[in-house]
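This report describes selected features of the structure displayed below.

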Amino acid sequence: MRRKIRISEIWKLAPVAFVVLTTFLASAAPAQGQGPMAAPQTAKAAFRATHYEVSAVLTPENQLLVAHAKVDFTAIDTSRIVQAELHQNLKVTAVTDAAGKPVAFERDSRNPLVVIVTLADVVAPGQSVTLNFDYSGPLSNEENSPIPGLRLASIRPDGAYLLLPSRWFPLTFYPSNRYTAIFKIQVPDNFLVAGSGKTGPPDLVYEKTVAPAVIRPGAPPPAPVPQKIFTFRDDRAEASGTFAAGPYHMTPIDAGGLKLSVLTFASSTQTAQLYGQDAIKIITEFSDSIGPLPDPSLTIAQFPDLSVAGFAGPGVALISQHQWDPRGNTRVLSRLIASQWFGTAVMPASSADTWVTDGLATYCEALYAGQANNKEAENRAIEDFAVGALMYENSSPITQSGQLKPYTSEYLSVVEDKGALVFHMIRSIVGDDLFKPLLRDFYTRFSGRNARVEDFENLAQEYADYKTAGRKPATATTTLSTNAVPAPPPPRTQSLTSFFAQWLTSTGVPEFEVPYTVYRTPKGFQVVGRVKQNIDTFSMPVEIEVETEGNPEFRTIQVVGAETPFTIDTFGRPKPGGVRIDPHDYMLKASPNLRIRAIIARGEAQSEVGRFLEAINEYQRALDIQKNNGLALFRMGESFFFQKNYTAAANSFRSALGGETDASTKWILCWSHMYMGKIYDITGQRERAVNEYRQARQCKDNTGGVQAEADKYIAQPYKEGQ
């Protein structure tokens with residue numbers, strides 16, 4: 001969806017020639033209106049948007065957006081070519097300058113996402129121009145989405161959302177650009193709008209909201225209907241422009257001086273207080289540990305999407321309906337709220353730097369799980385990240401994430417999941433006592449600014465040096481007297497260069513084996529072994545635990561290359577199989593169990609976008625490794641069910657009932673019975689269906705609301721497609 005490539009220094013070698021060439025090519029373009037243009041898209045965008053005034057009319061019954069955008073651009077290079085990205089479904093009907101004079105424009109033939117505007121005159125760096133864009137078009141599905149397969153904007157009668165990466169208004173330098181903005185969103189009278197910026201009571205208007213292009217020839221114009229215009233103003237330079245609208249019920253939350261609004265659909269109104277109170281706790285925790293936000297107010301809203309679990313913009317957190325659990329969902333909510341710190345206040349300097357925001361916001365999800373619940377909850381989050389990281393880890397190094405489409409499975413795997421675990425490993429290096437001060441220092445230094453991967457690398461190195469020296473840094477949050485002289489930094493004793501080379505600029509995850517032998521000694525026992533792993537360039541300190549009949553023994557050794565010997569003396573007798581690598585799970589590592597879970601997760605990702613055949617192939621790969629895996633069997637049954645292959649689905653669900661599960665997947669039994677009941681109802685076997693629903697009720701588990709669903713279909717038969 002995005003991605004701009006850093007241009008080499010060759011552009012600096014001949015600036016005069018470049019300007020002359022650009023001016024010559026642009027002069028051949030028409031001076032006004034739309035038409036063929038001689039000037040191709042320049043390799044480097046020369047204008048950055050700095051302020052927007054956008055008025056948009058959402059027409060749910062036609063799934064239509066009609067908009068006008070007034071945009072202030074500032075030149076960063078001498079040029080007359082303005083480039084902006086706009087959703088391909090949105091047709092630009094006119095572009096005018098500040099005086100209202102038409103300006104030449106066209107869609108780039110090589111990249112239809114880009115609109116190219118040719119100005120009448122060349123603009124020097126630092127000077128500004130204002131352009132007006134009129135455009136409209138349907139936004140209903142993932143067709144022509146900037147990210148293929150993901151629905152980032154949708155306007156429907158049951159609700160609408162316009163996520164920033166959909167490019168529903170002309171964007172430059174996504175995802176790193178900052179700008180001020182005023183948005184006016186016009187919606188039906190029964191809709192409310194949640195979004196970026198400060199807003200007040202809406203204005204009531206009566207207008208014909210259907211564009212002439214969608215009125216049938218000869219048909220009378222539609223009668224005026226009541227409409228609301230919601231105005232959002234964002235005076236801070238940040239990436240605003242994310243909105244959701246629908247027939248919401250608004251619940252205000254006021255606690256501890258924090259004021260939030262929770263917008264829910266009618267079926268979820270009773271959960272608004274729960275989500276609001278959870279959000280208050282999360283904001284308070286992050287404010288205490290990371291630092292206060294410029295404005296902690298927040299709007300939380302549901303949105304009817306199946307492409308992404310949630311999305312955050314300045315002052316707004318959107319959670320999709322399928323993630324809106326009636327018992328609460330602090331995992332998703334804490335990650336979205338953390339994005340107010342790392343993603344809004346601190347933004348990436350380029351598309352290749354999103355690890356410092358998206359990866360860190362994801363890791364904050366685990367930090368909050370540990371703080372709000374216990375270490376076990378944090379470890380579950382870390383394990384989930386490990387499974388996600390193994391899904392597509394080889395797709396790209398983290399520092400080359402600019403080549404990945406954001407919010408795709410590959411991006412989530414590399415940037416968010418693996419990225420979160422890199423922060424987890426940094427935490428193990430600097431220690432718990434310094435890690436939160438490190439995050440606070442990073443936020444303090446870069447709040448309101450854009451950060452590079454190198455910026456966090458350098459700061460992490462400082463804190464690693466402080467840990468080695470046994471000192472605490474005088475951070476920006478430390479108050480010093482006017483005459484105080486800051487202490488010099490400690491000497492460099494532990495370079496993190498190889499760590500970042502391994503985890504940020506390279507691919508590959510180690511999978512460890514530990515063959516060893518135990519010897520009896522005069523003072524106890526000696527364990528002699530080797531740490532074997534699969535990455536030849538690997539070099540990192542690794543902790544080893546030896547479980548004994550007494551207290552366990554811990555040693556840290558530097559593992560280098562494919563094989564590293566070690567010797568550990570113990571007093572107590574080592575237990576059989578008691579030698580463990582990385583016992584506290586500080587490191588991202590692979591194992592047969594995690595590999596299988598990653599394969600199943602790939603299948604789940606395919607199933608979520610309707611690619612059931614590809615999903616079934618992934619589940620079969622998992623079953624080829626572990627033929628009785630209960631989760632793989634259940635997911636395969638689901639895919640067959642959605643394909644309406646009920647015989648194959650029933651066979652898979654029956655196998656899942658006898659498959660291997662653990663405490664976290666006991667729900668498989670309940671839902672296998674539920675699906676079997678539905679299959680029997682579809683095939684006219686009502687008595688057998690009711691029996692399956694009753695067995696689902698007896699499972700004593702309510703994951704996904706299975707108990708209420710079982711009661712529903714005990715009372716009335718399930719119908720296909722329901």
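## A three-stranded sheet

Three strands form an open sheet in the order β26-β25-β28, with antiparallel pairing. At its edges lie β26 (553–560) and β28 (574–581), each of which pairs on one side only. From one strand to the next the twist averages 25 degrees; axes are lines fitted to C-alpha atoms, for helices over the stretch in contact, and angles run from 0 to 180 degrees between N-to-C directions. Eight bridges connect β25 (residues 539–548) with β26 in the antiparallel sense, and Glu-543 has Thr-556 in β26 as its bridge partner.

Two strands are taken to pair if DSSP finds at least two bridges between them. Helices (H or I, at least four residues) and strands (E, at least two) are DSSP runs, numbered from the N terminus.

## Basis of the model and overall content

The model is predicted: local features need pLDDT of at least 70 and side-chain atom pairs count only at pLDDT 80 or more, whereas totals for chains, interfaces and linings use all residues. Residues are numbered from 1 along each chain as its sequence is written, and side-chain values use heavy atoms, with hydrogens and water left out.

The chain contains 16 helices and 28 strands. Of its 722 residues, 53% count as buried; buried means under 20% relative accessible area, exposed over 50%, and partly exposed in between (1.4 Å probe, protein chains only). Among contacts (heavy atoms within 4.5 Å) between residues at least 6 apart in sequence, 69% join residues at least 24 apart.

Side chains alternate along strand β27 (residues 563–570).

Strand β24 (residues 524–532) runs antiparallel to β27 and is joined to β27 by eight bridges. Within this pairing, Gln-526 is opposite Asp-569.

## The α12 and α13 helix pair

The axes of α12 (residues 630–642) and α13 (residues 646–657) come within 8 Å and cross at roughly 160 degrees. The two helices are therefore roughly antiparallel; angles under 35 degrees count as roughly parallel, over 145 as roughly antiparallel, 65 to 115 as roughly perpendicular and the rest as oblique. Their crossing is left-handed, meaning that the near helix is turned anticlockwise from the far one by less than a right angle.

In α12 the contact residues include Leu-633, Phe-634, Met-636, Phe-640 and Phe-641, and those in α13 include Tyr-646, Ala-649, Phe-653 and Ala-656. The residues of this contact divide into 10 nonpolar, four polar and one charged. Here Ala, Val, Leu, Ile, Met, Phe, Trp, Tyr, Cys and Pro count as nonpolar, Asp, Glu, Lys and Arg as charged, and the others, Gly among them, as polar.

## Loop residues

The loop between β9 (159–162) and β10 (179–188) holds Pro-175, which is joined to Tyr-174 by a cis peptide bond with omega of about 10 degrees. Arg-167 lies in the loop between β9 and β10. Arg-167 is not a glycine, yet has a positive phi of about 55 degrees; Arg-167 is buried, at a relative accessible area of 0%.

Gln-63, in the loop between β1 (47–59) and β2 (64–75), likewise has a positive phi of about 55 degrees although not a glycine. Gln-63 counts as partly exposed, at 24% relative accessibility.

Ser-268 is found in the loop between β17 (258–264) and α2 (272–289) and counts as buried at 10% relative accessibility. Not counting residues up to four places away in sequence, Ser-268 touches Gln-302 and Trp-324.
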